[in-house]
Amino acid sequence: MGVIYSDFSRARIGWFFGLSGWQLTTVALTFLPIAWAMQQAAWTSVALFTLLWAFVVLVTVTPVRGRSAVGWVLASLSFAAGGLTGWTRFRSKASTGEADSLEEPDLPGVLQGVRIHDGPPRGATSTRTAIIQDHRCRTWALTASVIHPGIGLAELDQRERLGAGLGELLDLAARTELIDAVVFLVRTVPEDGAERDQWIARHRRPTGPQVARLVNDELQANLTRASVRTESFVTVVVPEGRLAREAKESGGGLDGRARVLYSLADEVEAQLRGGMGMTSVAWLTSPELALACRTGFAPGDRAGIVDALAGRATTDSTDSTDIRDITDESRRSVGVNAGINADVPWAMAGPSGADPAVRHYSHDAWNSISSTVKLPVRGAAMGALAPALTPTAPGERRSFMACYPILSASVANRQSATSEWAADIGDELRHRAKVKKRAKASQESETVRRLDAKLARGNSLTRPYAVVTVTVPKTARVSAFGRDLDASVRRAGFAPLRLDLAQDVAFAASSVPLGVSLTRKAD
C-alpha cells in the first residue's frame, strides 16, 4: 500500500469553540442589546433581540459553500456592479483595430497587468528566456515547460522518492528567501492530429495500396478522437520586494533582476531533474510563452500553429539566396513559403472577447468551469488526482493547477505558535465547560502540535491549493461537463467546490502558465 499524505491542518484554528476572533467579536457585540433588555426587564425586547441575534450568529458562523453569507453578499454586489458598468467584459484591441504594438500583451481580467520582457542571452545557445512581470501583484516569474515520465507504472518506493523530491524542492525554495510560490500546471489537451497529418504528407507514397491507406486513415480518425496530449509547466514566482534588494547587487534594472531569476531557475531546474525525475526542463522564451498562453484560451488554434511552424521549418531549411530568385509560381511548385510567420504576437495571445458568468467563464468560442479541490481528512496517495485530469468526452480539455505558496520562516513560526496557542485554549475551554472533545478536533490539535517540531527540523511551511478546470466548445452544454468534472474529483477521493463569481480568475490561474495566484493580493 502506498504512503498516505495526511499531515496537514487548517491555516487558522478557532480558539473559542472553533470561532475565529472576528466571529467571536461579532457574536459578543450583537449580544449586548439582549443583556441591556434583560437588565431593563423588557422581555418583549429580549425576545425580539434574541431572534435578531440568532440570525446574526447564523449568518456569521455558518459557511455556505466555502464563504460566509456576508462574503457572498459582498462578492455578489461586486460582480453585479462590474457587469452593469461593463468592467468585467473584455474585448481585445486587435479585434477592434486598436492594437498599437504587437509586443504588448492584451489579456483579460487579472492578466491585464502582465508584461513580458526578453531576458539577456543565457546558456550556450544564448536563449532569451521570457521574464513575466505582474504590475498588479508586483511579482516576477519564469515559466518552464517540463516533461515527466509519469508515475502510473512506478513502484511504491519510487513514488515515495518523488514525493520527498517535491518536499525538498519546497524546502529549497524557502531557503532561497526569494521564491514566493511554485506553481505546477498540467493540461490534458484533445489530440488534433496535426503532427500525424504532416508525417503522412511527407511519407505517404501515391503508389501505395489503397486498402492500407484506407485502414490507416480510419485508425487515425478514430484514435485521434480518443487521444489526448499532456502539457506540463512549472512557474517560479518572486515578489518585487524581495527581488529588488538582490537585483541591486547584480547591476539593478531588468538585467539585474534577470540574473537573480536565472540563478534561481538553475537551482529549481536541478531539483526538478534530480529529486522529481523530470526528463526535460525548458525555460520558455517569449514566443513560446505566447503560444502556451494562446492555446490556453483557445485549444483549437494549435493545429494551425503547428502547420505554420512546419511551413517555416521548410523555409528555414532552404537556402535564402535561392528563395530570393524563386518566383511565386515556382514557390508553389516546390512548397517553399518564405513569408510564413509562425509566432503568436502578444497582442493576439489572449481571447478576442471574454465574458465571465456566475458559474462559468466564456472566452472566444469556448466555455470553462473551474472548481477548487479540497483536501480529504483521511489524506490522499500520490497520483490520486489522475481521474480529475482524464477527459470523459471527445473535444474536452482539462487543466489542473497546484500552487505552493511558501511562507517565510518568521511567518511560519508565528503562525505555528498562534495555532498551537489556539489549540491549547480551545482544549482548556472544552474541559472547563465539560464539553466532550470530538475526534476531529483532537486530530487537528495533534497535527498543529507536530508542526512546531517539523519547523524546528528545518522544514518549510506552505499553504497549497489546487484548481481544476474543464474547457469545451460553446456548442456543448458546459454545465453537464462541469458536473462530470465534479464527479471525477469525487471519484478521486476529493471534494470539489465550484468557484462561483470567480470563474475568470480561476481559469487564468489553472489554464494560463503566467504565475497567477488565488491567494496573493493586488498591490
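Start by selecting Asp180, which is buried at 18% relative accessibility (buried means under 20% relative accessible area, exposed over 50%, partly exposed in between, with a 1.4 Å probe and protein chains only). Arg242 lies in helix α7 and Asp180 in the loop between α4 and β6 (181–190), so the pair ties together parts that are 62 residues apart in sequence. Helices (H or I, at least four residues) and strands (E, at least two) are DSSP runs, numbered from the N terminus.

A word on what you have open: this is a predicted model, in which local features need pLDDT of at least 70 and side-chain atom pairs count only at pLDDT 80 or more, while totals for chains, interfaces and linings use all residues. Residues are numbered from 1 along each chain as its sequence is written, and side-chain values use heavy atoms, with hydrogens and water left out.

Next, select Asp500 and Arg359. Their closest N and O atoms are 3.1 Å apart in another salt bridge. Asp500 sits in the loop between β16 (495–498) and α16, and Arg359 in the loop between β9 and β10 (361–363), so this pair links parts 141 residues apart in sequence. Asp500 is buried, at 9% relative accessible area, whereas Arg359 is partly exposed, at 40%.

Follow the chain into helix α16 (residues 503–511). Seven of its nine residues are buried, among them Phe507 and Ala508. This helix also gives four residues to the lining of the largest cavity, the largest share. To see that lining, select Pro108, Gly109, Val110, Leu111, Phe297, Tyr361, Asp504, Val505, Phe507 and Ala508. Here a cavity is a set of points, on a 1 Å grid over the protein atoms alone, where a 1.4 Å probe fits but cannot get out; lining residues have an atom within 4 Å of a point.

Now move to Asp355 and Arg91, whose side chains meet in a salt bridge of 3.5 Å, N to O. Asp355 is in strand β9 (residues 353–356) and Arg91 in strand β2 (residues 90–91), so the pair joins parts 264 residues apart in sequence. Both are partly exposed, Asp355 at 28% and Arg91 at 44%.

Finish at helix α2 with Phe55, which is exposed at 52% relative accessible area.

Note on methods:
1 Å grid on protein atoms, 1.4 Å probe; cavity = no way out; pocket = protein on both sides within 12 Å on 5 of 7 lines; lining within 4 Å. Salt bridge = Lys/Arg side-chain N within 4 Å of Asp/Glu carboxyl O.
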